[in-house]
Amino acid sequence: MFKSKLTALEYHTIEGFNPEDDKQFRALVIWLEEQKIRHYKVEDRDPLRDLESDKWPIVFNSYCAQLSCPITSGKKAERLEWLLSHAIRLEYSDNIDKFSTQTSTEVLKNRQNTPKVVSSNPLDNLDFESEDFKKGVNSLAKLLQITPHPDHLITLRAISKLISQRLTAEAIKDVDSVVPKGKAYPFDTVDDGFEKGNKAVNSASKILRLLYLHDLRSLQTKINESIVAVQNLTANPKTDTSLGKVGR
């Protein structure tokens, strides 16, 4: 029913899509908002991202109203049909020069001339919104002792960061080079000037400050490395003495 429009929008999961499945339906709606429609600011999309929330239908109704969707009631499929059409209109208006030259003859010609590439990378066939994928991410986070985030993709990003920093071949050979030494910084008891009258807000403020200092330190290290590299080039020039000449 939606295959042609999903294909036009390059949605990642077309085969087997069922609009009556709440999880698939909600995942498509937030994908449309984040990738094509972009009506909300990034920080205002969290209610739509919370796919498990009982209030999601209310959030969706409000979202449709703000988009001036003319379908105020009826089946979900009808409203989804309008959303897909709306997304396609926006996609066309954003790339009008590109699509205005795409006649049916030109499209058919391009399809015939384009070689069919079959990816051998299994990651290309993953459904990143499936329950199995989410369970796998959370299981890996538990194994690595990483606190899971409500958004499994953020948890995956934390896993990637830990593996790239502490589980590389070099890091495993020299564990002491990547494992922090000394006592943990007692941020919860130290007064850093973040007294907001709320313990949770104080802790969050201190953590954000520590993360900022960590990023600043990493930047300073890279700057120092760049300075040393330049000094090695300028302070130790190589001279070809065979080209030297005494007198005129």
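Guide: Welcome! In what follows, buried means under 20% relative accessible area, exposed means over 50%, and partly exposed is in between, with a 1.4 Å probe and protein chains only. This is a predicted model, in which local features need pLDDT of at least 70 and side-chain atom pairs count only at pLDDT 80 or more, while totals for chains, interfaces and linings use all residues. Residues are numbered from 1 along each chain as its sequence is written, and side-chain values use heavy atoms, leaving out hydrogens and water.

Visitor: What makes up the secondary structure of the protein chain?

Guide: The chain has 11 helices and 0 strands. Helices (H or I, at least four residues) and strands (E, at least two) are DSSP runs, numbered from the N terminus. Of the 248 residues in the protein chain, 20% are buried.

Visitor: Which residues of helix 8 are buried, and why are they said to line one face?

Guide: Phe 133, Lys 134, Val 137 and Ala 141 are the buried ones in helix 8. They fall within an arc of 100° seen down the helix axis, so they line one face; the arc is that of the directions from the helix axis to the C-beta atoms. Turned away from that buried side are the exposed residues Asp 132, Lys 135, Lys 142 and Leu 143. Helix 9 (152-166) is included in what covers the buried residues of helix 8.

Visitor: Why is the pair of Phe 25 and Trp 56 called an aromatic pair, and what kind is it?

Guide: Rings of Phe, Tyr and Trp (its six-membered ring) pair if their centres lie within 6.5 Å; planes under 30 degrees apart count as stacked, over 60 as edge-to-face and the rest as tilted. Phe 25 and Trp 56 are 6.1 Å apart centre to centre with 80° between the planes, so they form an edge-to-face pair. Phe 25 lies in helix 2 and Trp 56 in helix 4, so the pair ties together parts 31 residues apart in sequence. Phe 25 has a relative accessible area of 2% and is buried; Trp 56 is buried too, with 2%.

Visitor: What makes Trp 56 and Phe 60 a stacked or an edge-to-face pair?

Guide: Their planes are 10° apart and their centres 5.3 Å apart, so the pair counts as stacked. Both residues lie in helix 4, 4 residues apart, about one turn of the helix. A search of the whole structure finds 7 aromatic pairs.

Visitor: Why is the charged end of Lys 76 said to sit over the ring of Phe 25?

Guide: A charge sits over a ring if NZ of Lys or CZ of Arg is within 6 Å of the ring centre and within 35 degrees of the ring normal. The charged end of Lys 76 is 5.0 Å from the centre of the Phe 25 ring.

Visitor: What makes a set of residues a nonpolar core, and which residues have the most contacts inside the largest one?

Guide: A nonpolar core is a set of buried Ala, Val, Leu, Ile, Met, Phe, Trp, Tyr and Cys residues joined through side-chain atoms within 4.5 Å. The largest has 28 residues, and Leu 28, Leu 32, Tyr 63 and Leu 83 have the most contacts inside it. Helix 2 (22-37), helix 4 (56-66) and helix 5 (76-94) each give two or more residues to this core, and helix 2 gives the most, with 8.

Notes: Contact means heavy atoms within 4.5 Å.
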